[in-house]
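Please prepare a short briefing on this structure for someone who has not seen it before.

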Amino acid sequence: MFPLFVRMTGKKVVIAGGGQIAYRRLLPLLDEGACITVISPTAIDAIVHLAEQKKIIWHARHIEPADYVDAFFIIAATNDRHVNEQIATHAAPNQLVNVASDHLVGNVHVPAFFSRGKLKIAITTGGASPILAKEIKAQLEQIFDESIAHYIEELYEQRQKRKEP
């Protein structure tokens with residue numbers, strides 16, 4: 001696997017599934033400015049609330065290949081493994097696809113991660129143990145508390161001044 005951070009501002013994201021996993025995946029994408037459409041016959045209250053606030057689009061029905069033909073990033077997070085696999089199969093080769101039920105099916109794995117201002121830390125065990133990745137994340141969150149964000153911002157400002165002509 002190749003680690004990569006992607007600017008998601010304005011990118012079209014389609015999420016199949018309206019449960020807790022779909023919700024956890026969409027929150028950081030929403031924070032990054034992605035244009036999110038959730039497609040699921042039912043959705044948890046938090047997803048419905050975001051749709052009512054017009055922060056995301058929710059279609060209360062089953063997903064079809066036409067729904068994600070122009071998506072930059074597709075997340076298959078239904079409770080039906082077969083549907084998730086079909087989504088990955090029908091996606092174009094140049095689309096990013098995360099299958100929540102099996103990281104080997106899609107072409108993108110979502111790591112455990114957190115942010116402290118400009119600092120982004122991601123942890124993955126390559127699917128071997130998501131629980132261990134979460135434990136390591138929790139430890140790192142203690143080491144890199146919120147105070148690091150201010151320090152990094154100062155370093156950023158100093159760097160910008162050095163770059164000025």
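Predicted model: local features only at pLDDT ≥ 70, side-chain atom pairs only at ≥ 80, totals over all residues.

Residues are numbered from 1 along each chain as its sequence is written, and side-chain values use heavy atoms, with hydrogens and water left out.

**Whole chain**

- The chain has five helices and seven strands; helices (H or I, at least four residues) and strands (E, at least two) are DSSP runs, numbered from the N terminus.
- Along the sequence these elements follow the pattern β-α-β-α-β-β-α-β-β-β-α-α.
- Taken along the principal axes, the box filled by the C-alpha atoms is roughly 50 × 35 × 35 Å.
- Of the 165 residues, 32% count as buried; buried means under 20% relative accessible area, exposed over 50%, and partly exposed in between, with a 1.4 Å probe and protein chains only.
- Among contacts with a separation of 6 or more, 45% are between residues 24 or more positions apart, where contact means heavy atoms within 4.5 Å.

**Domains**

- The domain assignment gives domain 1 (12-99) and domain 2 (112-162); such bounds come from an automatic or database domain assignment.
- The C-alpha centres of domain 1 and domain 2 are 26 Å apart.

**Largest pocket**

- The largest pocket has a volume of about 1,800 Å³.
- A pocket is defined on a 1 Å grid over the protein atoms alone, as an open set of points where a 1.4 Å probe fits, with protein on both sides within 12 Å along at least five of seven lines; lining residues have an atom within 4 Å of a point.
- Grid points are joined across faces, edges and corners, and a volume is the space filled by probe spheres set on the points.
- The lining of the largest pocket has 47 residues, and those closest to its centre are His 109, Val 110, Pro 111, Ala 112 and Phe 113.
- Elements that each supply at least two lining residues are helix 1, strand 4 (73-76), strand 5 (96-99), strand 6 (112-116), strand 7 (119-123) and helix 4 (130-143).
- Helix 1 gives the largest share, six residues.
- This lining divides into 26 nonpolar, twelve polar and nine charged residues; Ala, Val, Leu, Ile, Met, Phe, Trp, Tyr, Cys and Pro count as nonpolar, Asp, Glu, Lys and Arg as charged, and the others, Gly among them, as polar.
- The largest pocket lies between domain 1 and domain 2, because both give residues to its lining.

**Second largest pocket**

- The second largest pocket holds about 440 Å³ of space.
- It is lined by 30 residues, of which Ala 16, Gly 17, Thr 78, Asn 79 and Val 83 are the closest to its centre.
- Helix 1 and helix 3 (81-90) each supply at least two residues of this lining, and the largest share, five residues, comes from helix 3.
- By type, the lining of the second largest pocket has 14 nonpolar, 13 polar and three charged residues.

**Helix 2**

- In helix 2 (residues 45-52), the buried residues are Ile 47, Val 48, Leu 50 and Ala 51.
- These residues are on the same side of helix 2 because they cover an arc of only 160 degrees around the axis, the arc being that of the directions from the helix axis to the C-beta atoms.
- Asp 45 and Glu 52 are exposed on the other side of helix 2.
- The cover over the buried residues of helix 2 includes helix 1 (20-31), strand 2 (35-39) and strand 3 (57-59).

**Single residues**

- Lys 54 is in the loop between helix 2 and strand 3.
- Lys 54 is not a glycine, yet its phi is positive, at about 65 degrees.
- Most residues other than glycine have a negative phi.
- Lys 54 counts as exposed because its relative accessibility is 73%.
- Thr 37 is part of strand 2 and counts as buried, at 11% relative accessibility.
- Not counting residues up to four places away in sequence, Thr 37 touches Val 13, Val 14, Ile 15, Ile 57 and His 59.
- Ser 40 is in the loop between strand 2 and helix 2 and is buried, at 9% relative accessibility.
- Leaving aside neighbours within four places in sequence, Ser 40 is in contact with Gly 17, Gly 18, Trp 58, His 59, Ala 60 and Arg 61.
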